[in-house]
Amino acid sequence: MAKTELDELNTNIYDFKKKDDYAYKMKKGLNANIVKEISKQKNEPEWMLKLRLQALEIYNKLSLPDWGPDLSELDMNNLATYVKPKSEQKSSWEQVPDDIKDTFERLGIPKAERDYLAGVGAQYDSEVVYHSIKDELIKQGVIYTDIDTAIKEYPEMVKKYFSKCVPLADHKFIALHYAVFSGGSFVYVPKGKKLEMPLQSYYRLNSPESGQFEHTLIVVDEGASLHFIEGCSAPKYSKINLHAGCVELFVKKNGYLRYSTIENWSKNMLNLNTKKAIIDSGGEVDWVSGSFGSKISMLYPMSILKGDNSKTEFTGISFAGHGQNLDTGFKVVHIGKNTKSVINSRSISKNGGISTYRSFVYVMKNAQNAKCSVSCDGLMLDSKSRSDTIPVSNIQNQSVVFSHEATVGKISEEAIFYLMTRGLSEEDAKALIVKGFSNPVSKELPMEYAVEMNRLINLELEGSIG
Amino acid sequence: MKTLLQIENLCVKSKEKQILKGLTLKIGKGETHIIMGPNGAGKSTLLNAILNNPAYEKTEGKIIFDGADITDKKTDEIARMGVFMSFQNPQEIEGISTFNFIKSAKQKRTNNPINYFELSEELEENATYLQMNQGLLTRDLNVGFSGGEKKKNEILQLLELNPKLAILDETDSGLDVDAINIVSKGINAYKNEDNAILLVTHSSKMLEKLKPDFVHILVDGQIVATGGTQLLDEVLKNGYKNFKKGV
């Protein structure tokens with residue numbers, strides 16, 4: 001299938017390299033001196049340096065997970081944890097250096113900003129190079145800035161929330177994240193403020209043999225509402241790159257947050273990302289997640305339904321092609337009464353790809369009248385590929401209403417034949433079936449992203465026929 | 001009479017089992033052919049083999065359609081050349097409406113952009129003609145359709161795609177008398193001097209409506225008898241016992 005690989009590379013619009021041109025690239029490896037150097041580069045307050053060093057200690061103590069994909073090829077001695085691009089942060093695209101600007105132009109970010117976004121952040125390697133939000137939102141008290149600026153300008157707020165949703169010792173790679181994190185976004189939406197247009201942060205990793213560790217912290221205050229979109233991509237290199245980001249979401253009473261991700265990392269990326277939300281009473285977080293790229297992904301967003309009547313919905317799709325092992329899923333903890341969760345996932349694998357879906361539902365003792373429905377389906381496009389669903393639940397309250405459906409199957413040869421007798425090519429027929437299968441997810445996406453997802457599916461299916 | 005389809009000495013295997021054992025058949029333009037035969041004789045195999053379903057392996061013989069050898073052509077190519085197959089159990093396809101599906105199939109068949117409004121009008125007209133609920137056009141292809149609705153939808157596609165050869169696999173199975181009348185009416189509306197029909201059926205109801213020119217009896221992978229409607233009467237009276245191979 002060498003030809004296929006070539007086709008995938010040539011047709012992938014995300015795969016263009018810029019010169020590895022940086023203001024500063026940390027030497028490879030991970031130790032206390034490197035952590036101190038990152039903190040120094042950022043001119044951080046003492047408490048943050050302490051937190052970083054504490055995280056490093058935890059990282060060194062924790063072992064690799066004893067489940068899921070094999071991560072043994074990850075060698076921190078071969079990775080640069082911090083790469084500072086040749087640009088300070090700008091608030092106008094004109095000021096961003098040409099090759100970085102060209103990168104984001106090709107990814108369609110400035111156009112998206114003009115067309116339908118309320119604000120944009122763009123990160124290149126380890127630092128945010130562009131951040132902008134509509135003036136009227138600033139006046140209304142909305143904060144959208146990079147995390148470094150937030151640490152300096154809103155220290156109390158950052159201190160109050162930072163690492164309070166995802167603790168340092170959650171797992172080995174979140175400890176790594178806290179030790180070397182850089183970049184990411186901070187969002188605060190004040191009480192009652194409902195943003196009509198989304199905010200979007202885009203992460204681009206250009207530098208080879210390096211890692212990206214952005215931290216996203218979002219606070220949606222009482223009765224406020226926000227749609228946040230994150231996108232990420234990288235060109236393909238022969239050696240491993242690492243992404244270990246962290247997303248912490250706080251949704252207050254009756255607040256609403258929709259968090260959408262389209263992830264298309266290159267296929268040399270290990271994507272070990274951690275996302276979690278704490279939801280107060282009456283609040284709601286809806287996750288929409290599309291995982292297409294990376295060599296290995298371990299990604300299990302989590303909602304903690306802390307307050308009574310809080311809700312969460314997860315809609316996810318993953319597409320594992322040749323050489324990819326996408327281990328994804330969703331976790332939910334029902335703490336409050338009358339809490340509700342809906343999990344709907346689709347995973348597709350082709351050409352030897354492995355996709356695994358894990359769901360974890362925990363209903364605590366006092367979560368009276370909790371409702372949870374899980375539906376996960378896997379579709380294999382050939383017999384070389386694998387698709388597994390692994391649902392786990394721990395129900396401590398008898399009043400819960402819990403439903404679970406899971407199907408895993410191979411793409412129907414009869415359906416392909418049927419479509420081909422109407423003149424559709426084998427590729428078109430497969431693409432149509434896959435689109436139909438992923439439709440419950442794509443219809444949740446904003447229109448532009450649904451188009452993008454369909455395009456990604458077409459891209460994945462190109463040259464898939466041997 | 002100009003030949004539209006010519007099958008010569010066709011041998012086909014399915015799941016390692018030899019099903020067709022040297023089948024020969026010729027269909028001319030303007031003709032309606034019926035294939036009858038006992039269960040397992042190879043009727044569906046024949047239809048699938050004409051459209052080169054990859055689940056069936058051709059071990060010998062060839063198929064000429066409209067002057068071109070289509071024995072090893074891909075299914076979609078054969079379809080675009082003008083062969084249509086109506087399925088006994090049409091597939092349910094999520095994520096595309098019946099309307100959009102027919103539109104893209106028609107685009108592939110004619111290789112021309114389709115005028116949305118013209119197609120819309122035409123489809124509504126044809127759906128009414130087939131007594132189909134208009135709402136089905138906007139629903140996902142065959143998803144949740146009743147057996148009768150699926151069959152009518154096949155005939156709707158037949159009318160829209162207007163192929164040179166219509167292959168119909170037990171289009172009457174599972175239909176009540178009224179539905180058989182409607183479906184037959186649709187097939188007759190399609191039929192003209194330049195195209196042809198190859199129909200597999202077990203029942204006589206539809207044959208009264210379609211008036212076949214030829215009836216073929218398929219037994220154990222070969223056509224053992226060809227004739228007019230008198231063959232049908234023979235089958236209805238005595239079954240297939242007088243049509244054993246070589247008789």
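Modeller: A residue counts as buried under 20% relative accessible area, as exposed over 50%, and as partly exposed in between. The model is predicted. With that scale, A:Arg386 is partly exposed, since its relative accessible area is 48%. Its salt-bridge partner is A:Asp388, and the closest N and O atoms of the two are 2.6 Å apart. A:Asp388 has a relative accessibility of 23%, so A:Asp388 is partly exposed too. Elsewhere, salt bridges with shared partners link A:Lys18, A:Asp102 and A:Arg106 into one network.

Other pairs are buried. A:Glu44 and A:Arg52 form a salt bridge through their side chains, at 2.6 Å from N to O. The relative accessible area of A:Arg52 is 0%, which makes this residue buried. A:Glu44, at 14% relative accessibility, also counts as buried.

A further salt bridge joins the side chains of A:Asp377 and A:Arg346, with 3.1 Å from N to O. A:Asp377 belongs to strand β22 (residues 371–380) of chain A and A:Arg346 to strand β20 (residues 340–349) of chain A, so this pair ties together parts that lie 31 residues apart in sequence. A:Asp377 is buried at 13% relative accessibility, and A:Arg346 is buried with a relative accessible area of 10%.

As background, side chains of opposite charge can pair when their charged atoms come close. Over all chains, the structure holds 30 salt bridges.

Notes
Residues numbered from 1 in each chain as written. Chains lettered and ligands numbered in written order. Predicted model: local features only at pLDDT ≥ 70, side-chain atom pairs only at ≥ 80, totals over all residues. Heavy atoms only, no water. Salt bridge = Lys/Arg side-chain N within 4 Å of Asp/Glu carboxyl O. Buried < 20%, exposed > 50% of the residue type's maximum accessible area, 1.4 Å probe, protein only. Helix = DSSP H or I, 4+ residues; strand = E, 2+ residues; numbered from the N terminus.
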